[in-house]
Structure formats: C-alpha cells, structure tokens
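Trainee: Put the model up, please, and let's go through it.

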Amino acid sequence: MSAPQPLTIAEELRGAGLRVTAARVALLETVRTGDHLGVEALASGVRDRVGHISLQAVYEALHALTAAGLVRRIEPAGSPARFEGRVGDNHHHIVCRSCGAVADVDCAIGPAPCLTPSDDHGFTIDEAEVTFWGLCPDCSAAQNPPAAQNPAAAQNSSSA
C-alpha cells in the first residue's frame, strides 16, 4: 500500500474554501520557501513568480490564507508582521535583538511556569505564545570578535 500523495497548493486552497488564483498559489509558495518574511519580501517573491501584484492584493491574500489556517502571522514586539508556512503546531520563536532574524523553536523545555497561567480568567486557552530574545550567532560574533581576529584585544589580554 503506497503512502497518500501530499496535496498540491491548489488542493489545499480549495480544501480551505478559498478560490485558487495564481497570486495565492505564488504567495503560499513564497511563504513556505521563505523564512519568516515580511510583506514587502513576500510581495517581491510573488512578483518574481507571477509578475505585477499590488501590495494591497498581497495583504488581502495573506489575510485570507491566515484566516484559513494555511499561513501563520507572527509579530515580534517592535517588528512588523512576518509570515510563515509552519502551521498546526504550537512552536515558538527566537528573535535577534540586533538584526531581527527569526528562527523556530520546536518546544519550550524544562519547567513551564509561564505556559499555564495562574488564573485563566475563564478563558479557554488553546495556545501559548513564547518569544525568546537574544543575539543570533552572526550578531553575537560581530559584537564579541574572537581575540585572534582582534589584535588589540589579543595584545591587551596577553599584557594583563
């Protein structure tokens, strides 16, 4: 018995009750091949695939895809919205304070004092959003160059 074939993007759109358009297909492809892209980058990716598309059309398509659960919108504090194709799980994100790079974090491990609220105020909770903040490896290295790459630092440390 063979494994079922994955759905095409057109089949996913239809299954979500959305009309299949070249722009929506291109947008979903761009979101899935990108890495937490903002609207401008997504619009550029769609234009590379199908030609001209207005920014307003991109916003409208993103709204429809997000509402249908095919795209996830994240908005780290102080940053514009970004979009990803990883949906259906409760993964988290880590954001670089310097360059804004975003990466997925599969699961918060260790004790979970903040994942279960002390008082849910009657809410039915279906998701906990955790954002870790720090410096990505590139920004961290730029701020703290190794002594071998920084002769002045190497000289100061050897004379101390």
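Mentor: Terms first: helices (H or I, at least four residues) and strands (E, at least two) are DSSP runs, numbered from the N terminus. Residues are numbered from 1 along each chain as its sequence is written, and side-chain values use heavy atoms, leaving out hydrogens and water. This is a predicted model, where local features need pLDDT of at least 70, side-chain atom pairs count only at pLDDT 80 or more, and totals for chains, interfaces and linings use all residues.

Trainee: Fine. Where is Gly 45?

Mentor: Gly 45 sits in helix α3.

Trainee: Buried or exposed?

Mentor: Gly 45 is buried because its relative accessible area is 11%; the cut-offs are under 20% for buried, over 50% for exposed, and partly exposed in between, with a 1.4 Å probe and protein chains only.

Trainee: How far is Gly 45 from Ala 26?

Mentor: The C-alpha atoms of Gly 45 and Ala 26 are 7.9 Å apart in space, with 19 residues of separation in sequence. Ala 26 is one of the buried residues of α2, which also include Arg 24, Leu 28 and Val 31.

Trainee: What covers the buried residues of α2?

Mentor: The cover includes α1 (9-15), α3 (39-50), α4 (55-67) and β2 (82-84).

Trainee: What about the length of helix α2?

Mentor: Helix α2 takes in residues 22-33, and at 1.5 Å a residue those 12 residues should span 16 Å, so the 16 Å between its end C-alpha atoms agrees. The expected span is 1.5 Å times one less than the number of residues.

Trainee: Back up a bit. How many helices and strands are in the protein?

Mentor: The protein has 6 helices and 5 strands. Read from the N terminus, the order is α-α-α-α-β-β-β-β-β-α-α. Of its 160 residues, 27% count as buried.

Trainee: And the strands? What does β3 pair with?

Mentor: β3 (residues 92-96) pairs with β4 (residues 102-105) in the antiparallel sense, over 4 bridges. Another 4 bridges join β3 to β5 (residues 131-134), and those two run parallel. Pairing here requires that DSSP finds at least two bridges between the strands.

Trainee: Which residues stand opposite each other?

Mentor: Val 95 is opposite Val 102 in β4, and Cys 96 is opposite Gly 134 in β5.

Trainee: How much of β3 is covered?

Mentor: Strand β3 is mostly covered, with 4 of its 5 residues buried.

Trainee: What is the phi of Gly 100 in the turn?

Mentor: Gly 100 has a positive phi of about 85°, and it sits in the hairpin formed by β3 and β4, which have 5 residues between them.

Trainee: Which residues have a positive phi although not a glycine?

Mentor: His 36 does, at about 55°, and His 121 does too, at about 55°. For background, most residues other than glycine have a negative phi.

Trainee: Where are those two, and are they buried or exposed?

Mentor: His 36 is in the loop between α2 and α3, and counts as buried because its relative accessibility is 5%. His 121 lies in the loop between β4 and β5, and is exposed because its relative accessible area is 63%.

Trainee: What about Ala 81 and His 36?

Mentor: They are 45 residues apart in sequence, and their C-alpha atoms are 9.0 Å apart in space. Ala 81 is in the loop between β1 (72-74) and β2, and at 13% relative accessible area it is therefore buried.

Trainee: What does Ala 81 touch?

Mentor: Not counting residues up to four places away in sequence, Ala 81 touches Leu 37, Gly 38, Val 39, Arg 73, Ile 74 and Glu 75. A contact means heavy atoms within 4.5 Å.

Trainee: What share of the contacts links residues 24 or more positions apart?

Mentor: Such pairs account for 44% of the contacts in the protein with a separation of 6 or more.
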